Amino acid sequence: MTIRFLRNKVVEVEPQSDGSLSVSWRLSDDLLKAEVNLKVQLPDLEIVDAEAELERHVPRAWHSAGELIKKMKGVRIGSGLRKIVQGLLGGPDGCALLAHAVLESANAVILNFTRPVVQAGEKLEGEEKLESIREMVKANPRLIRSCVAFQDDSPIMQGLDL
Amino acid sequence: MITLNRSHVISGEFLNAQTIRFNGIQDDHIYSMEITMDVRISDGEILAIEGKMKRYTNSFCPQAEPILQTAVGMSLREEGWERRVMKEIGRKGCEHFAEIITECGHCLDQARLSEAMWESLQNDPGLDQEQFIQSWIDGHPEIQLA
């Protein structure tokens, strides 16, 4: 059976020569085409530039997306971001699509820093690998109970005195 | 160079007038996951769900696959549904599965609108598409476009 709807989304992180990160978020589906570009300054992960463009069939309520996204300038990617984004881009005068774009872009930035850690762990096996995951949990307590692998009864968590 | 790329592909197949089947794929440099789920169009209730983990970070991740079944009965329209999906499927199972379900949920009304416009265009190729969309949105107060 043919499908009647298809959405493609991609978010890319590209380190720049000045030390910042360019984050490009794009969406295309049957009705909507959207692009959000953020520039993120290290080390404090501050969003120093933000642009958005919506095309194709844009709901009237989202026509101000290009202006709305500028509210993200100066916001740092870190704890509390979800509430900040909801406050700046959510609500009846906001744009839910932009809020999702910013949060997914921020998540991609975090994943960008996670990738080398995961790759380093791939060389390990058995108890050594478990120990490296435990070290990661110690360094990132937010991981505790964040998924099935980090529940209290998981072999990863057993032996951790947190 | 690009050091992290994450892609989502979500398709919507209308099985009949009451049910849409979503297939969602999340693929990035670290993870690769897929969800297929049937959703009742009228109230957004998840009727059936299957998930497949193709690439993940540790051997405990696949234990999240059976936890997916707790999504059956959840509604993609109820107040706070995204938080509930992340809590019940993400925190207790796998946040990547939860992210795919959430993305499918965001596509529910967009897929309905696409279907409605496709059908209208079959009858009237010269349809004023902008006007059609705004009328459809105005006539469906339940929708959550994202």
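Helix axes are lines fitted to C-alpha atoms over the stretch in contact, and the angles between them run from 0 to 180 degrees between N-to-C directions. Helices (H or I, at least four residues) and strands (E, at least two) are DSSP runs, numbered from the N terminus. This is a predicted model, in which local features need pLDDT of at least 70 and side-chain atom pairs count only at pLDDT 80 or more, whereas totals for chains, interfaces and linings use all residues. Residues are numbered from 1 along each chain as its sequence is written, and chains are lettered from A in the order in which they are written.

Within chain B, helix α2 (residues 81-91) packs with helix α3 (residues 95-123) at an angle of about 155 degrees, the two axes lying 8 Å apart. That makes α2(B) roughly antiparallel to α3(B), a term that applies to angles over 145 degrees. The contact, which counts residues whose C-beta atoms, placed from the backbone, lie within 7 Å, includes W81(B), V85(B) and I89(B) of α2(B), with F97(B), A98(B) and I101(B) among the residues of α3(B).

Between the chains, the contact takes 45 residues from chain B and 37 residues from chain A. On the side of chain B that touches chain A, β1(B) gives the most, with 11 residues, while α2 and α3 of chain B are among the elements that each supply at least two. The strand β1(B) (4-14) is also joined by nine bridges to strand β1 (residues 5-15) of chain A, the two running antiparallel; strands pair if DSSP finds at least two bridges between them. In this pairing, the bridge partner of V10(A) in β1(B) is S7(B).

Definitions and conventions:
Angles under 35 degrees count as roughly parallel, over 145 as roughly antiparallel, 65 to 115 as roughly perpendicular and the rest as oblique. Two residues are in contact if their C-beta atoms, placed from the backbone, lie within 7 Å.
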